[in-house]
Amino acid sequence: MRHARRTARRITRLAAVGGLLCGSLLVTRAIANEPGTSAPPVPVGERLVAQLGAARTAGSWLGADGRTVVAVTDAGAAADVRRAGARAEVVRHSMRDLRSAAATLRAAPRVSGTAWSMDYGSNEVVVRADSTVSAGDWSRLAGVARTIGASVRMERTRGTFTTRVDGASPIFASGGRCSAGFDVTDGRDAFLLTAGHCGPVGTTWFARPGDATALGTTVSGTFPGNDFSLVRYDDGVPRAPSDVVAIGGGRGVRITGAADPVVGQRVFRSGSTTGLHSGRVTGLNATVNYPEGTVTGLVQTTVCAEPGDSGGPLFADGLALGLTSGGNGNCDAGGTTFFQPVAPAMTALGVRLTGTSGDDDAEAGAGSGQARPGGDVAPSAPPAGSEAGAPGGGGTGTGVGTGTNMGGATDTGDGTASGTGTGADTGPVAAISRIVSTRSVGPGLLVIGGSLIALVAARSMRSSRRGRGAW
């Protein structure tokens with residue numbers, strides 16, 4: 001009996017020590033994996049393009065199967081791509097060739113109603129002209145394309161390339177109506193990020209037409225050239241800046257950082273006129289010659305948009321990607337929509353997304369990073385069949401991007417519903433919830449606690465033996 005008790009005590013002690021070691025490892029790994037501790041990895045396609053250089057590559061994209069494809073110009077580069085686990089496609093024109101073609105097009109006389117972007121899949125710069133381009137202008141532009149060579153393809157497109165100012169929207173100014181994009185901060189003040197063409201510096205915005213109290217004033221921005229602006233919320237407007245974008249139907253999507261889109265990636269756009277819609281990124285660094293001026297560096301997509309959707313958010317996988325700029329078509333027949341990339345806009349304006357790393361008022365998010373390849377599902381994704389959200393009539397704001405109740409000035413419908421518990425992610429309550437969460441450090445702490453109890457039990461058994469003289 002004495003030997004059995006001694007063996008039981010040793011086993012208990014060894015199990016407790018082992019549990020302490022395992023629990024410590026679990027806690028360490030959980031803390032290391034907490035959001036905000038490291039930026040998302042750079043996508044393999046972007047990394048390979050950077051490593052191999054513009055003379056040996058011509059962009060990357062996501063294939064239909066979700067696998068990364070890298071366009072290369074020689075067999076050696078193709079071998080490097082395959083070793084990295086991506087698929088290589090040997091093409092004729094390098095990225096350097098495509099950039100040179102785009103530069104030649106930009107240097108030619110400007111033709112309103114035209115746009116071009118790099119189509120990585122076809123290894124061409126595709127020039128599109130809408131219905132407003134005359135036969136003479138088309139002929140002259142085609143002549144420029146012929147001087148460049150086979151790296152340029154010309155296409156006619158239906159409709160007209162326009163910015164999306166007019167129409168129903170939750171933010172109103174004398175010059176038009178737009179959609180809110182993302183709530184941002186410079187560390188002191190709260191701002192709204194939206195499209196630059198919505199209004200110049202000094203534009204006063206209201207949550208509803210005829211409101212006596214202004215929502216905010218545009219304090220910075222640029223259009224044409226780029227298409228972004230910064231609206232400072234007025235001090236007299238109560239507000240609760242949010243890291244959630246509303247997608248209609250009382251639902252919202254939390255935004256944890258900003259990223260650069262990837263060609264082939266599925267993306268989502270929310271706007272106050274047409275609600276939520278999705279599509280694919282088809283081109284980067286697009287140039288659009290709007291009637292008001294030329295904008296460069298845009299993201300080209302198959303997502304539809306209509307007047308009033310301007311400035312609304314483009315996002316995927318919880319990452320902010322862009323702001324609705326303009327395009328052609330509509331959400332009945334489809335069309336092409338261009339977006340101002342959000343990461344360079346925030347860099348130029350010196351702001352960051354509310355609720356992301358560095359914000360004292362909210363839990364640090366994932367921070368700036370790269371879009372994750374293969375992201376086909378929106379975070380807090382809408383139910384199947386709900387890609388097209390209900391239109392937001394006259395300022396109801398079904399698709400308003402920030403979910404902040406437009407600064408708290410008025411009730412803007414579904415914009416308020418996007419507060420899907422964001423406040424619960426900050427403060428001591430959030431800290432406790434993360435500790436007990438099965439996805440955080442909780443399992444490790446539970447193992448450690450059990451191990452300590454086992455050590456106390458072993459100690460008690462030994463003390464009991466001494467007290468009774470039985471061991």
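Me: Why is C178 called buried?

Reply: Buried means under 20% relative accessible area, exposed over 50%, and partly exposed in between, with a 1.4 Å probe and protein chains only. C178 has 0% relative accessibility, so C178 counts as buried. The model is a predicted one, in which local features need pLDDT of at least 70 and side-chain atom pairs count only at pLDDT 80 or more, while totals for chains, interfaces and linings use all residues. Residues are numbered from 1 along each chain as its sequence is written, and side-chain values use heavy atoms, with hydrogens and water left out.

Me: What makes C178 and C198 a disulfide?

Reply: A disulfide is a pair of cysteine sulfur atoms within 2.5 Å. The sulfur atoms of C178 and C198 are 2.0 Å apart, and the two form a disulfide. C178 lies in strand β9 (residues 176-178) and C198 in the loop between β11 (190-194) and β12 (204-205), so the pair ties together parts that are 20 residues apart in sequence. Strands (E, at least two residues) and helices (H or I, at least four) are DSSP runs, numbered from the N terminus.

Me: Why is the disulfide of C178 and C198 called left-handed?

Reply: The torsion about its S-S bond is about -100 degrees, and therefore the disulfide is left-handed. The link of C304 and C331, with 95 degrees about the S-S bond, is right-handed.

Me: How do you know that C304 and C331 form a disulfide?

Reply: Their sulfur atoms are 2.1 Å apart, and the cut-off is 2.5 Å. The structure holds two disulfides.

Me: What puts the buried residues of α3 on the same side?

Reply: In helix α3 (residues 75-83), A77, A78 and V81 are buried. They cover an arc of only 105 degrees around the axis, which puts them on the same side of α3; the arc is that of the directions from the helix axis to the C-beta atoms. On the other side, A75, R82 and R83 are exposed.

Me: What makes β2 and β3 a pair of strands?

Reply: Two strands pair if DSSP finds at least two bridges between them. Four bridges join β2 to β3, which run parallel. The chain crosses from β2 through α3 to β3, and this β-α-β crossover is right-handed: with the strands pointing away from the viewer, the path from the first strand over the helix to the second runs clockwise.
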